Each structure stands twice: as structure tokens, then as C-alpha cells.
Amino acid sequence: MVQLDGKFLMSWLALLVGVTLCLPAYGQRDRFDLVRRIDVPEAGQAVAVDDTFFYAISNSVVAKYERQSGQRVAIWKADAQRPLKHLNSGIVIDGKLYCAHSNYPQFPEASSVEVWDTTTLQHVQSKSLGIYEGSLTWIDQHDGDWWAVFAHYSKKVNQNPFAKDHTHTSLVHFDDQWRRKGGYIFPKTVLDRFDPHSCSGGSWGPDGMIYCSGHDLGEIYQLRLPKAGSTLVLEQTLPAPITGQGFAWAPDGQAIYGIDRARRQVVVAKWVKGVR
């Protein structure tokens with residue numbers, strides 16, 4: 001039997017540990033790392049972003065801020081002519097801000113898509129979806145079509161005798177004229193994280209995956225469409241320095257803008273990709 005010298009064995013183990021520490025951590029998940037926090041009183045529901053500005057969204061207010069300075073440059077408020085009461089996530093497309101809107105917590109649930117000109121922050125269009133599959137919480141455009149989530153809540157929010165729980169939350173696929181093309185439900189692992197609320201934010205990511213957030217938790221769920229059936233497939237859960245709610249990808253696809261609702265802050269977080 002070969003006897004190893006103690007000093008030799010310790011040196012060999014130290015070398016082995018050093019080599020191991022230099023190896024990539026295969027299987028490490030993606031995450032979003034904090035870059036910046038900006039105090040924004042209107043950061044109550046969501047934030048949208050373009051090349052120069054971000055747009056803080058509250059129930060009935062939209063505020064425009066310079067990305068670099070963090071200074072507010074314009075604000076829009078609902079009024080008697082445009083009595084919006086529960087705005088949700090927003091997305092900027094070709095110089096227009098599109099926001100999901102619903103009559104939550106009223107029932108039956110009715111929803112609309114509200115549109116602002118980002119240059120003037122004037123409200124320019126409204127697309128009513130009427131009574132549909134729930135309360136509209138986010139919309140996005142992908143390959144020319146519209147995608148939208150309609151939420152339900154296990155937490156009691158009104159006296160609706162026909163209220164459905166959070167498991168009825170769905171992602172609906174529309175064409176460019178808002179005609180339904182298909183629909184999907186969320187996997188149980190994600191629904192359990194939404195409970196007792198629902199999916200509050202979401203967007204197609206730069207990698208062709210669907211990214212969603214819940215109502216409170218500091219995490220974002222990376223999902224893909226199923227090859228068969230109706231249930232979205234969870235790829236990974238990404239930690240993020242947000243408190244759920246609506247978020248948006250920066251135009252370069254390298255970061256997200258989200259909110260910390262309790263602190264009334266807009267949060268900028270860098271997308272850090274794990275090694276797989």
C-alpha cells in the first residue's frame with residue numbers, strides 16, 4: 001500500500017481546490033442585479049422605458065422621467081373625460097406608450113388598452129376589450145401579434161358570487177386586430193408563487209422567452225410556450241430587486257426597469273446570465 005506524505009497530500013488537495021474554484025458553475029441560474037434606485041412617487045403599479053425616458057405608472061397617473069437625470073418632465077392624470085382607475089403594466093412601441101387597464105376591483109371584470117403619445121404624454125387612443133377572461137394586467141407585442149394576461153385573484157376583492165381564483169389567470173394570444181388566436185395557463189409552480197394574487201407584469205424577452213412577475217415577490221419567471229397542450233413551461237426563476245408588479249426591458253435588452261412599490265422607487269437591474 002502506497003503511503004502518501006502528509007505535506008504532499010495537503011499540497012495536492014490545495015491545488016485541487018484551486019482548480020475547482022476556477023471552473024465555471026454549470027447550471028447556475030440567471031439573475032437580475034441591482035444597478036440603480038430612483039425615488040419616484042408614481043411608482044405604484046409599473047414602469048415602461050424607451051431610449052431616453054422611463055414612464056412610471058400608478059392607478060390613474062402616468063409620469064415621464066429622464067433616464068439619466070431621474071428628473072420628471074411631464075405628468076398625466078385621469079379626469080372626468082378619461083376616468084381611468086386601475087392602470088397596470090406598460091410597453092413603449094414606436095413612440096407610443098400602451099398600458100393595460102381594468103376596472104378592478106369592480107365586477108364583472110372589464111378591460112381596455114390605453115395609449116399615450118410619448119413625446120407629449122397626451123392620451124391618444126383607447127381600445128376597449130369589454131368583459132373578457134379577467135382583469136387585464138399586461139400586454140406586449142411579439143412578431144406583430146398582441147399577447148395579454150388576464151388575472152384572477154384568490155384573495156377576496158369584491159362580492160362577485162362567480163369570482164374565480166388565481167389559477168384561472170391566463171395568457172391570451174391575439175392578432176394585430178385583437179382577434180383571439182390562442183391561450184395558455186401558468187404551471188402550478190408559478191401559480192403557487194402568485195397566490196393569493198396573480199401575474200402583475202410580463203413581456204417577451206430579447207431571447208424569445210416570456211418573462212413574468214407576480215404581485216409581491218422579488219423574482220421573475222422565465223417561461224416558454226409548450227410544444228403541445230396549454231400549459232406554459234417554466235425554464236427558471238430569476239431573483240430580482242423588485243417587489244413584483246409591472247416591469248419592462250431596456251431597449252438594449254441587457255437590463256430591466258421595475259419598481260419597489262413600498263419605497264416608491266423605480267429599480268434598474270442588470271440581466272446576469274448564468275453559465276449552462
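Q: Why does His-101 count as buried?
A: Buried means under 20% relative accessible area, exposed means over 50%, and partly exposed lies in between (1.4 Å probe, protein chains only). His-101 has 9% relative accessibility. That value is under the 20% limit, so His-101 is buried. The model is predicted, so local features need pLDDT of at least 70 and side-chain atom pairs count only at pLDDT 80 or more, while totals for chains, interfaces and linings use all residues. Residues are numbered from 1 along each chain as its sequence is written, and side-chain values use heavy atoms, without hydrogens and water.

Q: Which residues does His-101 touch, leaving out those up to four places away in sequence?
A: A contact means heavy atoms within 4.5 Å. By that rule, His-101 touches Leu-84, Lys-85, His-86, Leu-87, Ala-110, Ser-111, Ser-112, Glu-114 and Leu-136.

Q: What makes the pair of His-101 and His-86 a polar contact?
A: The side chain of His-101 reaches the backbone nitrogen of His-86 at 3.4 Å. A polar contact is a pair of N or O atoms within 3.5 Å; within protein, one must be able to donate a hydrogen and the other to accept it, and residues adjacent in sequence count only if both atoms are side-chain atoms. The distance of 3.4 Å is within the 3.5 Å limit, so this pair qualifies.

Q: In which strand is His-101 found?
A: His-101 is found in β7, which covers residues 96–102. Strands (E, at least two residues) and helices (H or I, at least four) are DSSP runs, numbered from the N terminus. The protein chain has 20 strands and two helices.

Q: How do you know that β6 and β7 pair?
A: Two strands pair if DSSP finds at least two bridges between them. Five bridges join β6 to β7.

Q: What makes β7 and β8 a pair, and β8 and β9 another?
A: Seven bridges join β7 to β8, with Leu-97 opposite Trp-116. Eight bridges join β8 to β9, with Val-115 opposite Gln-125. β8 and β9 form a hairpin with four residues between them. Leu-121 in that turn has a positive phi of about 60°.

Q: Why are β6 and β9 called edge strands?
A: The open sheet has the order β6-β7-β8-β9, with antiparallel pairing. β6 (87–93) and β9 (122–131) each pair on one side only. Neighbouring strands of this sheet are turned by 20° against each other on average, direction ignored. Axes are lines fitted to C-alpha atoms, for helices over the stretch in contact, and angles run from 0 to 180 degrees between N-to-C directions.

Q: What makes β8 and β12 mostly covered?
A: In β8 (residues 110–117), six of eight residues are buried. In β12 (residues 170–174), five of five are buried. Ser-170, Val-172 and Phe-174 point one way from β12, while Leu-171 and His-173 point the other way.

Q: How do you know that β12 pairs with β11 and with β13?
A: Five antiparallel bridges link β12 to β11 (residues 145–151), where Ala-148 stands opposite Val-172. Another five antiparallel bridges link β12 to β13 (residues 180–185), where His-173 stands opposite Gly-182.

Q: How much of the protein chain is buried?
A: Buried residues make up 49% of its 276 residues.
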